[in-house]
Amino acid sequence: MKKVGMLSLGCAKNLVDSEVMLGELAREGYALTNDASDAEVVIVNTCGFIESAKEESIAAILDMAEMKKQGKLKKLIVSGCLSQRYHTDMAADLPEVDLFLGINHVGSIRKFLEDLRSEQGQPAEAAQPEDWRPDFLYSSEHTRVLTTPKHSAYVKISEGCDHVCSFCIIPNLRGKHRSRTIEDIVAEVEQLGAQGVREINLVAQDSTYYGRDIGLKDGLAQLMEAVANVDSIDWVRAHYMYPYQVTDRLLALMARHPKVCKYMDIPLQHCDREVLAAMKRGSGRPQLAKFLDRIREAVPDVWIRTSFIVGFPGEDERAFDELCGFVGEQQFDYIGVFTYSHEEDTTAHPLGDPVSEEEKMRRKEHLLALQKEISREKLTRQVGQTFDVLIEGVHPETELLLRGRHQGQAPDVDGEIFVTEGFYQPGDMVAITIEETFDYDMAGRATGGVAV
């Protein structure tokens, strides 16, 4: 069993865990394959954050279990948040799975796979119960196999979370917040740069909390400046910033440093004071508006992404109307909308789930429709503007177009820029002047050469 496939589900933070596991296996001499039907071992790295993610993970496990019955697949391993959360119950319900692993087992995947191989087809025992405490934190010494395009990579700067948001299970799954050192992160970024990576996306449960546990003040600003000073890197972007912990030093760095993307990813979750209080996040619409004004004053050309939860217990029509008004007022560049997931072991669970799924979806669709109109109108103002665009490759629907992103567009979640003339390689940085806009995307032609 030397050929391994990986199915990674959920967020970018989980993807980094998958890449670390792949790297550790590759270092041990395992062959990696993107084709599950060609693998002898498949690892499903699951997400267990909300109900829809759990359903997706279970469906993927069942698909792989069926493949195990029919093909050359010999062993099925389940890892990640869902396994961390429910491994005991899942072991009873899913006998097709040979091994369940948790967050703490990412760096020792080689050992567990070797144990599986030595069992000669018999189910292997996972780690002892006390080893399921989530305290693993990868470092630059771990080998990674990138599954993203070669010019872009995610780097996890910390693990776990110290916040007490009432809807969230992550602190139970991932443990307390723990930061890597700046030196270790920079060492990893230098390794990635040597491999051809030009864009670094820093991820964490809360990136603005970075460094507090190791005595750093303004830790994220210090880290981003250090990463931006790596010669081979063109862009550094931070994701998942907690409101109110965005410092003046961070904003000043973003305003002045050409390699620090003028991009803020700040999940606000809501704007109604009562709903935010029930979420244990505090504040309200006036304070959030003042906070956003401060960001835009410090970085006038900033692009802002946020996310909201609709259907949270206590969100009545008045509170939802308040949220819609806030979105219309603030004119965000991008938003994500999630329906409330009633999760056991959260402090919001006793509040019940009074909003029907149908009503949650109605609110989600209404908010997204409102944002589509905002996005379309905002993008029309970009016609004639020129952006440095990181080329991603050929458009999947036509070979006549290339596609890429500017600093204000993060991978996978935001819009793209379609390049209508010329041919460039993935990873090239090209000046593109915008000629046409759509709901979330833009199109333009090259007006500058390739930046080397």
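Colleague: Is C11 buried, partly exposed or exposed?
Modeller: This is a predicted model, in which local features need pLDDT of at least 70 and side-chain atom pairs pLDDT 80 or more, while totals for chains, interfaces and linings use all residues. Residues are numbered from 1 along each chain as its sequence is written, and side-chain values use heavy atoms, without hydrogens and water. C11 lies in the loop between β1 and α1 (helices, H or I of at least four residues, and strands, E of at least two, are DSSP runs numbered from the N terminus). Buried means under 20% relative accessible area, exposed over 50% and partly exposed in between, with a 1.4 Å probe and protein chains only; with 32%, C11 is therefore partly exposed.

Colleague: What is the largest C-alpha distance among the residues that UniProt lists with C11 for "binding site"?
Modeller: The unreviewed UniProt entry lists C11, C47 and C81 for this feature; such annotations may be inferred rather than shown by experiment. Although these residues are spread over 71 residues of sequence, they cluster in space, with a largest C-alpha distance of 10.7 Å.

Colleague: Which residues does C81 contact beyond its neighbours within four places in sequence?
Modeller: C81 is found in helix α3. With a relative accessible area of 7%, C81 is buried. Its contacts (heavy atoms within 4.5 Å), leaving aside neighbours within four places, are T46, C47, G48, I103, L173 and R174.

Colleague: Which residues does S18 touch, not counting those up to four places away in sequence?
Modeller: S18 belongs to helix α1, residues 12-27. Its relative accessible area is 2%, so S18 is buried. The residues that S18 touches, with those up to four places away left out, are M6, S8 and N45.

Colleague: Which strands stand at the edges of the open sheet?
Modeller: The sheet has 5 strands, with parallel pairing, in the order β2-β1-β3-β4-β5; a pair requires at least two DSSP bridges. Each edge strand has a single partner, so one side of each is left without a neighbour in the sheet; these strands are β2 (31-33) and β5 (99-100).

Colleague: Which residue of β4 is the bridge partner of T46?
Modeller: Strand β3 (residues 41-46) and strand β4 (residues 75-80) run parallel and are joined by 6 bridges. Helix α3 (residues 81-93) packs on the sheet and touches β3, β4 and β5. In β4, the bridge partner of T46 is G80.

Colleague: How many residues apart in sequence are the parts tied together by F308 and F332?
Modeller: The structure holds 9 aromatic pairs (Phe, Tyr or six-membered Trp rings with centres within 6.5 Å; planes under 30 degrees apart are stacked, over 60 edge-to-face and the rest tilted). The rings of F308 and F332 have centres 6.0 Å apart and planes at 65 degrees, so this pair is edge-to-face. F308 lies in strand β12 (residues 303-310) and F332 in the loop between α11 (317-330) and β13 (334-339), so the pair ties together parts whose separation in sequence is 24 residues.

Colleague: Why is the pair of F418 and F438 classed as it is?
Modeller: F418 is buried at 12% relative accessible area, whereas F438 is partly exposed at 31%. The ring centres of F418 and F438 are 6.2 Å apart and the planes stand at 45 degrees, so the pair is tilted.

Colleague: What are the helix and strand percentages over residues 147-377?
Modeller: The unreviewed UniProt entry places the feature "domain: Radical SAM core" at residues 147-377. The end C-alpha atoms of this stretch are 35 Å apart, and the chain over it is 40% helix and 15% strand.

Notes
Axes are lines fitted to C-alpha atoms, for helices over the stretch in contact, and angles run from 0 to 180 degrees between N-to-C directions.
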